[in-house]
Amino acid sequence: MGGSTITKSNHRIDTIDVLRGFALAGILYAHMVIWYTGASLPPEVYTQYDSTADGIAFGIFGAMVFGKFFSVFSFLFGLSFYLNFRRKRSKTNYFKTYIWRLFLLFLIGLLHHIFWRGDILSIYAVLGFILIFFRNMPEKFILILNFLLIFNVPTHLFEAFYTETANTEVEFPMADEAESYYALVKNAGFLTVLEDNWNSWPAKIRYQFESGRLFMTFGYFLLGLYAGRRNLFSSLDQHLQKFKSWNKTAEKAVLFLLFLGLLMYLFHLVTLPGIKVVPELKWLADFLFSIYNAFLSIFYITGISLLYKMKTFRKLLSPLGAMGRMALTVYLSQTFFGLLLFYNFGLGLFDQTTPAINVLLGVAVFFLQLKFCHWWLGRFKQGPAEWVWKGLSNFNFSTIRKKRSESPQLHKH
């Protein structure tokens with residue numbers, strides 16, 4: 001077929017790379033639309049721009065992006081863990097190497113957090129260690145537990161029986177510090193931001209537990225582990241009917257829950273902007289939103305996988321594979337662009353650009369990263385961050401530059 005992709009190594013699965021690139025695109029949108037902030041801002045900051053274009057930008061963010069793409073990324077972490085485990089489990093030092101890799105990822109995450117407190121890598125590293133103990137558990141147990149976690153059942157049960165639910169407005173991470181965080185991003189210098197980010201750890205951990213984000217992330221790890229155990233991506237052609245069935249089920253659930261949300265809005269049980277819910281329905285609305293996020297994430301995973309099997313869409317989606325192969329580099333470099341564009345020590349566009357303009361800036365960053373990934377992989381075997389991580393993991397920095405014979409990376413399908 002027409003179109004071109006980067007040549008993959010023998011062990012890579014194109015679909016997974018494309019899914020990872022797709023997740024990174026969604027993560028970029030989620031962060032860019034809110035000025036690449038990593039915690040809550042005062043409510044009036046989100047609502048000060050009320051044009052139709054800004055409403056669409058925030059509507060897409062709330063309905064299609066927020067809480068959905070981190071889940072796809074987390075799913076792929078669990079899937080990659082199992083595929084690597086299965087390939088290397090005969091090696092005697094595999095678990096020592098894996099734990100060492102996680103420790104290095106934790107350090108990378110710590111460093112990244114200092115620059116931007118929304119980092120997820122440090123959380124992944126800790127949960128990745130726990131995932132080891134689930135690798136051989138019965139598949140049925142893994143499946144049940146993962147759905148309990150991705151639906152955020154533990155958190156919602158705790159809220160139902162042990163906490164007050166009088167707060168009627170959806171909160172972003174670390175909402176208690178919204179005013180001070182706003183002032184930090186708006187006015188602080190580089191070193192002050194680094195220091196404040198480092199001191200934000202308690203609030204970040206509290207948010208991870210109180211929101212259930214920690215449990216949901218591990219739930220998606222388990223879902224990826226389950227997919228790996230069932231060879232769903234290693235033998236995708238054999239499972240296409242299952243993917244179609246899961247995609248249809250997820251689609252129906254998403255449409256039904258969207259219809260419920262529309263009814264709540266029409267009957268003034270939910271108001272926009274600000275996403276305020278009447279107190280009596282706060283708990284139910286939160287629970288339904290968690291279920292909606294989970295089904296939409298499954299819809300994305302199965303849908304992109306199915307589309308990639310079709311010639312027309314394969315040509316369109318294949319370029320994302322290059323970003324997927326350089327996921328760590330792309331994720332970290334997104335923070336560079338976010339800080340450069342919005343923070344006071346950069347261009348200082350925070351609170352000056354509208355959400356709609358932020359989306360356009362995000363599109364520009366996305367295409368810049370996409371072009372860079374294709375350029376880089378045309379000359380090198382892996383991304384720079386991946387090369388450093390792998391070299392430190394193996395205590396061996398092999399050559400990253402491709403040999404001349406490997407140079408024609410673009411090939412026709």
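**Helix packing in a predicted chain**

Good morning. The buried residues of helix α19 pack against α5, α16 (320-325) and α17 (327-342). Buried here means under 20% relative accessible area, with a 1.4 Å probe and protein chains only. Contact means heavy atoms within 4.5 Å. Helices are DSSP runs of H or I with at least four residues, strands are runs of E with at least two, and both are numbered from the N terminus.

A word on the source. This is a predicted model, in which local features need pLDDT of at least 70 and side-chain atom pairs count only at pLDDT 80 or more, while totals for chains, interfaces and linings use all residues. Residues are numbered from 1 along each chain as its sequence is written, and side-chain values use heavy atoms, leaving out hydrogens and water.

To return to α19, this helix covers residues 384-394, and its buried residues are A385, E386, W389, G391 and S393. After α19 comes F395, with a positive phi near 55 degrees.

For the chain as a whole, there are 19 helices and 4 strands. Of the 413 residues, 50% are buried. Among contacts with a separation of 6 or more, 82% join residues 24 or more positions apart.

I turn now to pairs of helices. Axes are lines fitted to C-alpha atoms, for helices over the stretch in contact, and angles run from 0 to 180 degrees between N-to-C directions.

Helix α4 (residues 69-88) packs with helix α5 (residues 94-115) at about 150 degrees, and their axes lie 11 Å apart. The pair is therefore roughly antiparallel, a term for angles over 145 degrees. From α4 the contact draws on F77, F81, N84, F85 and K88, and from α5 on Y94, F95, Y98, L102 and L105. By class, these residues are 8 nonpolar, 1 polar and 1 charged; Ala, Val, Leu, Ile, Met, Phe, Trp, Tyr, Cys and Pro count as nonpolar, Asp, Glu, Lys and Arg as charged, and the others, Gly among them, as polar.

How do helix α11 (residues 201-210) and helix α12 (residues 213-229) pack, and at what angle? Their angle is about 65 degrees, with the axes 4 Å apart. These two helices are therefore roughly perpendicular, the term for 65 to 115 degrees. Y207, Q208 and F209 of α11 meet R213, L214 and F215 of α12. That contact has 4 nonpolar, 1 polar and 1 charged residues.

Finally, helix α13 (residues 240-266) buries F243, N247, A250, A253, V254, L257 and M264. Thank you.

Methods
Angles under 35 degrees count as roughly parallel, over 145 as roughly antiparallel, 65 to 115 as roughly perpendicular and the rest as oblique. The expected span of a helix is 1.5 Å times one less than its number of residues.
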